[in-house]
Amino acid sequence: MAGGVDLHSHTTASDGALGPRELVRLAARHRVRVLAVTDHDSTEGLPEAIDEASRHGIEIVPGLELNTDVPGAEIHVLGYYVDWQAEWFQAFLREQRAERVARVHRIVERLTELGMPLTADEVFAICKEGSPGRPHVAQAMVKRGYVKSVREAFDKWLRADGPANVPRRRLTPVEAVAVIRRAGGVPVLAHPGLANRDEMVPELVEAGLAGIETYYPEHSVAQITAYRQMCARLDLVATGGSDYHGVHTGRASTLGSPHIPLEVWEDLKRKAGELRNQGQGTAKRAPQPPDGAPEPTQHAHGPGESDPPPSMPGHPRH
Ligand code: AMP
Ligand code: FE
Ligand code: FE
Ligand code: ZN
């Protein structure tokens, strides 16, 4: 089979097990020709991934994933072809990661109250320079012997409505979509089959959502069909990827699986071009810019455009 594309993967810059270069080398072995690196709240893996990919004839799609919480569930938004080097966008990601650090402190306090003492430093020792999150907390819990596996940690304690999960204080899903549009990127609703909140799709489309992650290891054939139809009806791009995190992360996906043809990447590039031609301020209902994001301009971001001020204060919603 000709090489395929994989538009969802993680590195040690967030909660993946492999460094960016190792991930790209694995992609080469799996005959992946186009790989999107989509770390949580981080683009730190991109420079090395792009450099390594040039040695293997692999194309890297620059991306990221923003996780947001809604009552009882999580909505993850992927962003592709964002203007990731813009200073305001990097400042925004730094604030996202600062909230992740604060959240780890809140989660370990909660676990300690629940009789499983844990320190934030034990968690940070696992994630090192990466973007800390529950997968690192889960690994620290395994190390302490509180649970046998990362999966058990999520199932018993850390899942969206679990007793030790503490919601984020940052973005709403609509704000996540809006910030990706503002950064000139293509916002895509990640693995909607896991989120089980399809009723939110219309308001996300209003905010500028441009795609749905349709091809996904945990989506059934019926779900894939339904999301393809939804994409056709709403003029969204149907993307897909493995969400590869590597072993020991509690996730069982294989890089490059499911097989996704190159046409899906071509559709994504076409959508990115369309959005850039429209300019960023033309979501169907112009979303309010997150504080600190730049005001809409008539043209797409280009070199030399002045950097708007950073900062995007938290929005406590609970
Ligand atoms: P956080 O970054 O704290 O929002 O944690 C979300 C991450 O946890 C996801 O991106 C997955 O990598 C991982 N995750 C979510 N659910 C599970 C699960 N049931 N088992 C293992 N990992 C999970
Ligand atoms: Fe993850
Ligand atoms: Fe996700
Ligand atoms: Zn992911």
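Sorted by class, the shell around ligand 1 holds three nonpolar, five polar and four charged residues, where Ala, Val, Leu, Ile, Met, Phe, Trp, Tyr, Cys and Pro count as nonpolar, Asp, Glu, Lys and Arg as charged, and the others, Gly among them, as polar. Before I go on, please keep in mind that this is a predicted model, in which local features need pLDDT of at least 70 and side-chain atom pairs count only at pLDDT 80 or more, while totals for chains, interfaces and linings use all residues. Residues are numbered from 1 along each chain as its sequence is written, and chains are lettered from A and ligands numbered from 1 in the order in which they are written.

Which residues surround ligand 1? They are Asp15, His40, Asn67, Gly133, Arg134, Pro135, Val150, Arg151, Phe154, His245, Gly250 and Arg251, and a residue is taken as near the ligand if its C-beta atom, placed from the backbone, lies within 6 Å of it. Helix H6 gives the most to this shell, with three residues, and H5 and H6 each supply at least two; helices here are DSSP runs of H or I with at least four residues, strands are runs of E with at least two, and both are numbered from the N terminus. Because domain 1 (4-86 + 172-278) and domain 2 (95-158) both give residues to the shell, ligand 1 lies between them, the domain bounds coming from an automatic or database domain assignment.

H5 (residues 134-144) and H6 (residues 150-158) pack at an angle of about 110 degrees, with their axes 9 Å apart, the axes being lines fitted to C-alpha atoms over the stretch in contact, and angles running from 0 to 180 degrees between N-to-C directions. That makes H5 roughly perpendicular to H6, since angles of 65 to 115 degrees count as roughly perpendicular, those under 35 as roughly parallel, those over 145 as roughly antiparallel and the rest as oblique. On the H5 side the contact is made by Arg134, Pro135, Val137, Ala138, Gln139, Met141 and Val142, and on the H6 side by Val150, Ala153, Phe154 and Leu158, with contact meaning that two C-beta atoms, placed from the backbone, lie within 7 Å. By class, this contact has nine nonpolar, one polar and one charged residues.

Next, the loop between H4 and H5, where Ser131 is found. Is Ser131 buried or exposed? Ser131 is buried, because 25 other C-beta atoms lie within 10 Å; the cut-offs are 20 or more for buried, 12 or fewer for exposed and anything in between for partly exposed, counting other C-beta atoms within 10 Å, all placed from the backbone. Leaving aside residues up to four places away in sequence, Ser131 touches Ala13, Ser14, Asp39, His40, Asp41, Ser42, Arg97 and Arg100. Ser131 and Ser14 are 117 residues apart along the chain, yet their C-alpha atoms are separated by 4.4 Å.

Most residues other than glycine have a negative phi, and most peptide bonds are trans. Asp41, although not a glycine, has a positive phi of about 55 degrees, and the peptide bond from Ser257 to Pro258 is cis, with omega near 5 degrees.
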